[in-house]
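Dear colleague,

Please find below the structure that I am handing over to you. My findings follow directly after it.

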Amino acid sequence: MLKTTLFVIAIFLVASCSTVRPGASRHTASASTTTTSSSGSVQFIDNISVTPSGKQDKSGSSISPATGGGNGRSAEATSSGASGVKIETYPALQFKFAILENASVEELDNPKLLSFMDYWYGAPYHYGGMTRDGIDCSGFAFLLMSSVYGIASLPRTAKEQYEVSRHLRRDELQEGDLVFFHTLGKRKSVTHVGVYLRNNKFIHASVSGVMISDLNDGYYEKHYIGAGRVLGQG
């Protein structure tokens, strides 16, 4: 009788273990990521799915936010301007000249001007020159105004350019206006010209080559004569 009783108990224990294992194996095989809380209980991390065959992001990871539920916003980090456009979409030239002009990327919205400046930037100075191998200040202003703004009637010399332009106060300066200087001793006649950009910056062919300078720099502030506008004069 005792043997029979022990046999029945053993069969009951074996049957009880088999009902527990399938449940445990299901949790083990699950693709869900788990973590353990400070209290020791198991918690599941929601909204993460593993998609090895899916499209990978730029980092090469195949882990993407789960669809459905949540607030629907992408987990990808983006940097945007006030317009909501991703800043990464702006051309490299805008970044380059935004730094040189101390301006925001969004302000540089003239692609013709950007391309022209990029091509000529750093070109050496040569009096009377009109090529990438050497150019002078009035020649550079002439080419910029004709290529970017379609002003083909600008005279060739800085003095003549000053004479035909409508003179402006410094606080009226806008992109495309001309700025004039005297560079020969104490004489106040116009001998140098540049094209205004923004934020007191102007581009010109200096003796150091085509570059961007600041009207507030000591030399240019001291030798500044005035500004003129030829855009919109017919």
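**Findings**

Ser153 counts as exposed because its relative accessibility is 66% (buried means under 20% relative accessible area, exposed over 50%, partly exposed in between, with a 1.4 Å probe and protein chains only). Ser153 lies in the loop between helix 4 (137-149) and helix 5 (158-164); helices (H or I, at least four residues) and strands (E, at least two) are DSSP runs, numbered from the N terminus.

The model is predicted: local features need pLDDT of at least 70, side-chain atom pairs count only at pLDDT 80 or more, and totals for chains, interfaces and linings use all residues. Residues are numbered from 1 along each chain as its sequence is written, and side-chain values use heavy atoms, with hydrogens and water left out.

An open sheet is formed by six strands in the order 7-12-8-9-10-11, with antiparallel pairing (two strands pair if DSSP finds at least two bridges between them). Strand 7 (166-168) and strand 11 (209-214) are the edge strands, each pairing on one side only. Strand 10 (residues 201-206) runs antiparallel to strand 11 and is joined to it by six bridges; Phe202 stands opposite Ser213 in strand 11.

Arg198 belongs to strand 9 (residues 192-198) and is buried, at a relative accessible area of 13%. The Arg198 side chain makes polar contacts with the side chains of Glu101, at 2.5 Å, and Glu175, at 2.8 Å (a polar contact is a pair of N or O atoms within 3.5 Å; within protein, one must be able to donate a hydrogen and the other to accept it, and residues adjacent in sequence count only if both atoms are side-chain atoms).

Yours sincerely
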